[in-house]
Amino acid sequence: MAKRRNFAAILVKCGLISQDQLDEAQNVANSQKIKLGEALVQLDYVSANNVMRAMAQEYGTEFVKLNTVNIPADVVALVPEHTARELNIVPISADEGELTIATCEPEDFNTIDKLTFLLNRRININLAPKEAILQTLNRIYGQQGLAPIMSLAATESAQQSAEIDFSETDIYGVDGEEEGLDESSAPIIRLTQLIITEAVQLKASDIHIEPFEDRIRIRYRIDGVLVERESPPRRLLGALLSRIKILSKLDIAERRRTQDGRIKVTVGNKELDLRVSIIPTNHGQSVVMRILDKDNIKIGLRQLGFAEDDFNTFNTLIRRPNGIILVTGPTGSGKTTSLYAALNALNTPDRKIITAEDPVEYYLAGINQVEIKHQIGLDFASVIRSMLRQAPNIILVGEMRDLETAQMGIQASLTGHLVFSTLHTNDAPSAVTRLADMGVPSYLIASSVIAIMAQRLVRTVCKKCREPFQPPQSAIESAGFPPSVLADAHFMHGRGCSACNMKGYKGRLGIYELMKMSSKIRELTFAEAPTAQIRQAAITEGMKTLYMDGLMKVAKGVTTIEEVLRVAKMSEDDG
């Protein structure tokens, strides 16, 4: 019997790599504790496809180009999505008692044994690169898998997902609201379930369903960036909207006005709320479902991403007996999470905390939360006025939207309460000007506000595939790194893996600009000085700008220059 030649020798014999390149790749593989094939691809000596072709020759099996394979829906249904993703395999074809899969691990006999046991079929393997397997999994189960799974859902063999329990939301029509649904309507139930399930599994924060002239666009916001998924046919819009409205207990017949509702789902032992917003557009009604996960607000102040000096300053400020602390930034910049982290740190039996929110996104144990309802006259100003009669120690005002709300918040701070609130401004110093523009007298701003914090969220480098990286010198120079920061810099980037969906980023962290109201800044505020002058004074006194805080996190290898530039910009003061 001929001796089996390993794939590396095959690559050398075919002239795809030299012996020197092979030796270097072996050293890299040993030092980084990765496989030889991964090292060859990482060094860009050979493509992942050619590595798999050589491996297929070594193991006497076949190489398959997954992007050219049409996988039938009934084959996809044989392997549950969570199993396929866990084992990193793609079902390709099925015959009587057999299943052919694509894998990148020809010697992973545990996977073959597990599949044989689960499916009660003989397993044949083909080989394909890891990245191609991941892309195909997204295609057949997610990005381009909605259509086949939706058509399959009408059959009796379609299995309900075990990942999420929708029983509380009557997603299967147990309350009789679905009596009008016939067999042709069943795929809509499955499609809605699939969209929500997939978004939760991908840890998305929002689901966007947007109608256009010839299609429906579905997008998930993952780590702050929108990712487009499969586009269902336009004809499904009406049924899809009706399904979502039934789940969120909204008026199905109303198509001209905006509507807001909630859907409650259970993921394992964890409950999630989906906040539903529907608005009419020129091509139909557009839906945004915000996924509210209570675990997101159980983080402490330490986990928010503060630099050590900012953490100590903020931790001291939130323990002041009175005054206003403002958190500023655009929608989706993490303001609510920061404020809830502060409230959690202060939430002790000897303190009474009341919040006024529009709407209440997360329910916090031990805190009195009031939801604003404009339709019955329950607005911020009236709630704050009533709050003061409840003798609270700490008040959270969801947003200072108008003069009356701002004045009531200031009044509360001047009468011995600590007030937290948010404001929509680009940076911390401009919040002073914003309050003045709303009509708040400058002497009240100077005497009541004790600190203003601006923030943004940046994606963090994936911890599983992070590696040292040296940005081009031109990028470092244009970014404006201070020499002191650059001296100890350890730049990192993610090369992309299955954990981060080949993005190189996973999770988010805050960058902050914390301006403490010193005597100098109070004088400038009282004198109605321009924003630029206040900013310059704050920087002179030690305030780090958003951009500079971002650069410090880049130098520590937490994020990248591109991410910081995406959410913040360098000002003249940074230079």
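Residues are numbered from 1 along each chain as its sequence is written, and side-chain values use heavy atoms, with hydrogens and water left out. Because the model is predicted, local features need pLDDT of at least 70 and side-chain atom pairs count only at pLDDT 80 or more, while totals for chains, interfaces and linings use all residues.

The chain has 575 residues, and 50% of them are buried. Burial is defined by relative accessible area: buried means under 20%, exposed over 50%, and partly exposed in between, with a 1.4 Å probe and protein chains only. The C-alpha trace spans about 90 × 70 × 45 Å along its principal axes. The chain contains 23 helices and 20 strands. These elements are DSSP runs numbered from the N terminus, helices being H or I with at least four residues and strands being E with at least two. Contacts were counted between residues at least 6 apart in sequence, and 65% of these join residues at least 24 apart. A contact means heavy atoms within 4.5 Å.

Two strands pair if DSSP finds at least two bridges between them. Strands of a sheet pair through backbone hydrogen bonds, either parallel or antiparallel. I325 has F420 of strand 16 as its bridge partner.

Helix 4 (residues 48–59) comprises twelve residues. From its first C-alpha to its last it reaches 16 Å, close to the 16 Å expected at 1.5 Å a residue. The expected span is 1.5 Å times one less than the number of residues. The buried residues of helix 4 are V51, M52, A54, M55, A56 and E58. Their cover includes helix 1 (7–13), helix 3 (36–42), strand 1 (62–63) and strand 4. G60 follows helix 4 and has a positive phi, near 70°.

The structure holds 24 salt bridges. A salt bridge is a side-chain nitrogen of Lys or Arg within 4 Å of a carboxyl oxygen of Asp or Glu. One of them pairs R122 with E98, with the closest N and O atoms 3.0 Å apart. This pair links distant parts of the chain, since R122 is in strand 4 (residues 122–127) and E98 in strand 3 (residues 98–103), 24 residues apart. E98 is partly exposed, at 23% relative accessibility. Another bridge joins E308 and R302, whose closest N and O atoms are 2.9 Å apart. Both ends are partly exposed: E308 has 45% relative accessibility, and R302 has 48%.

D427 and R535 form a further salt bridge, the closest N and O atoms being 2.5 Å apart. D427 lies in the loop between strand 16 and helix 16 (430–438), and R535 lies in helix 21 (residues 531–540), so the pair ties together parts that are 108 residues apart in sequence. D427 is buried, at 12% relative accessible area. R535 is also buried, at 18%. Elsewhere, salt bridges that share partners connect D206, R221 and R290 into one network.

The model has zero disulfides, a disulfide being a pair of cysteine sulfur atoms within 2.5 Å. The cysteine sulfur closest to that of C462 belongs to C465; at 3.8 Å it is too far for a bond. C462 is buried, with a relative accessible area of 1%. C465 is buried as well, at 0% relative accessibility.

D350 is located in the loop between helix 13 (335–346) and strand 13 (353–357). D350 is exposed, with a relative accessible area of 61%. D350 and D295 are separated by 55 residues in sequence and by 25 Å in space, C-alpha to C-alpha.
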